[in-house]
Amino acid sequence: MTDRSLLILPGDGIGPEVMAEVRKVIDWFGTRGISFTVTEDLVGGAAYDAHGTPLTDATMAKAQEVDAVLLGAVGGPKYDVLDFSVKPERGLLRLRKEMDLYANLRPAQCFDALADFSSLKKDVVAGLDIMIVRELTSGVYFGEPRGIIKEGNERVGINTQRYTESEIARVARSAFELARRRGNKVCSMEKANVMESGVLWRQVVQEVRDAEYPDVELSHMYADAGAMQLTRWPKQFDVIVTDNLFGDLLSDLAAMLTGSLGMLPSASLGAPMENGRPKALYEPVHGSAPDIAGQGKANPIACILSFAMALRYSFDLGSEAERLEHAVNAVLADGLRTADLMGPEGGTPISTAQMGDAIVAKLAASV
Ligand SMILES: NC(=O)c1ccc[n+]([C@@H]2O[C@H](COP(=O)([O-])OP(=O)(O)OC[C@H]3O[C@@H](n4cnc5c(N)ncnc54)[C@H](O)[C@@H]3O)[C@@H](O)[C@H]2O)c1
Ligand SMILES: CC(C)[C@H](C(=O)O)[C@@H](O)C(=O)O
Ligand SMILES: [Mg+2]
């Protein structure tokens, strides 16, 4: 047993495929004396198939106990017919909510070797390094009332955008703290022009900045304009803080600036516990990719970089995280590409497993 515990939840679709490559990386660190006590369990459709629920109470309890949870992806067309309350995605949302993982960090970094590949011009993305901080435990994802009700002869679908002051303030603090360690700039995105929750969001973020972070530059942008600016000139941003739904959309958009959705990792963090570390779940931003599942085509880099974030944020292993990120960069610099990192002109892609092996080989060569 080590004092570093990890719960791995591979999930559905390409989740188990990309997680298998992370296991190789974990094993390699083990050979270097940095070991983890790993347990594996089911989430999403895989848990539903086995237990009739996308997350059992026992798995939930395990997630609360470990230092970090690493999740692959959940969902898929097979489960589209299920009742909403047992859909695979509900398992992930329960983890986020019950672990109180309110700050979702989604870094969009363009690796040098991919600057030519982005759908945007090279000078727009080369060297790009932005951090989206998405509020993850509130907003329209969780607000009440919700549901589908009958009104006269019609069905009405209802979801509620709801934010309390303290929910906004705590994620704003996460963004300002991160900014201080980066470019010292935060842009907050909402729709204060049409939503009261957006008005409150803007006020509270400004108040937190004025009272506690006067040294950090703060700007505000409507989220629709923010989406436009992200594609026009993304390097104007350092840290972006935004709500749950806008953060979901903007982070998929930001992923494509880096070349592929298969490149973007994430860390979902709660408040620091007594040991100074946050409760944490790490997962790639992408989903279960049913269109390529089972074919060895998935890019494992987003999941591997999510493990790098775990090294940094949950285990104080910042230099090991950097070593892993450098290994990814070196593999890309060698020209190795999974299919998602190839343009219409084509080339010969490598498989999910070959990408994992190449990254481990670079790690080994780095010592
Ligand atoms: N965190 C999660 O578990 C998560 C995130 C997003 C979507 N989902 C779920 O995944 C299912 C499919 O959703 P979707 O198709 O809208 O989104 P998706 O992210 O699964 O796929 C979108 C597109 O990106 C490609 N892609 C995604 N990840 C890739 C990777 N690592 N390598 C190469 N290509 C990759 C897919 O092939 C697909 O063409 C849904 O059930 C959705 O709810 C889960
Ligand atoms: C699968 C789904 C619940 C999830 C979300 O909407 O948060 C996903 O899209 C994400 O980006 O993590
Ligand atoms: Mg998403």
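Modeller: The discussion below goes from the overall fold to a helix, a ligand shell and some annotated positions. Please bear in mind that this is a predicted model.

Biologist: How many helices and strands does the protein have?

Modeller: The protein has 12 helices and 12 strands. Its radius of gyration is 20 Å, close to the 21 Å given by the globule rule for 367 residues, so the protein is as compact as a globular protein of that length. Along the principal axes, the C-alpha atoms fill a box of roughly 60 × 50 × 50 Å.

Biologist: What share of the residues counts as buried?

Modeller: Burial is judged by counting neighbours: a residue is buried if 20 or more other C-beta atoms lie within 10 Å of its own. Of the 367 residues of the protein, 47% count as buried. As for contacts between residues at least 6 apart in sequence, 74% join residues at least 24 apart.

Biologist: Which residues surround ligand 2?

Modeller: The shell of ligand 2 consists of G75, E89, L92, L93, D248, V285 and G287. Helix α4 (residues 88-98) supplies the largest share of this shell, with three residues.

Biologist: Where does UniProt place the feature "binding site"?

Modeller: An annotation comes from a record and may be inferred rather than shown by experiment. The unreviewed UniProt entry places this feature at R96, R106, R134 and D224. These positions are spread over 129 residues of sequence and also in space, up to 25.9 Å between C-alpha atoms.

Biologist: Are R96 and R106 buried or exposed, and why?

Modeller: R96, located in helix α4, counts as buried because it has 21 C-beta neighbours inside 10 Å. Its contacts beyond four places in sequence include L136 and S268. R106 lies in strand β4 and is buried, with 24 other C-beta atoms within 10 Å. Residues touched by R106 include R134, another position in the UniProt feature, and V285, which also belongs to the shell around ligand 2.

Methods
Residues numbered from 1 in each chain as written. Chains lettered and ligands numbered in written order. Predicted model: local features only at pLDDT ≥ 70, side-chain atom pairs only at ≥ 80, totals over all residues. Near = placed C-beta within 6 Å. Helix = DSSP H or I, 4+ residues; strand = E, 2+ residues; numbered from the N terminus. Rg over C-alpha atoms; globule rule 2.2 N^0.38 Å. Buried ≥ 20, exposed ≤ 12 C-beta atoms within 10 Å, placed from the backbone. Contact = placed C-beta atoms within 7 Å.
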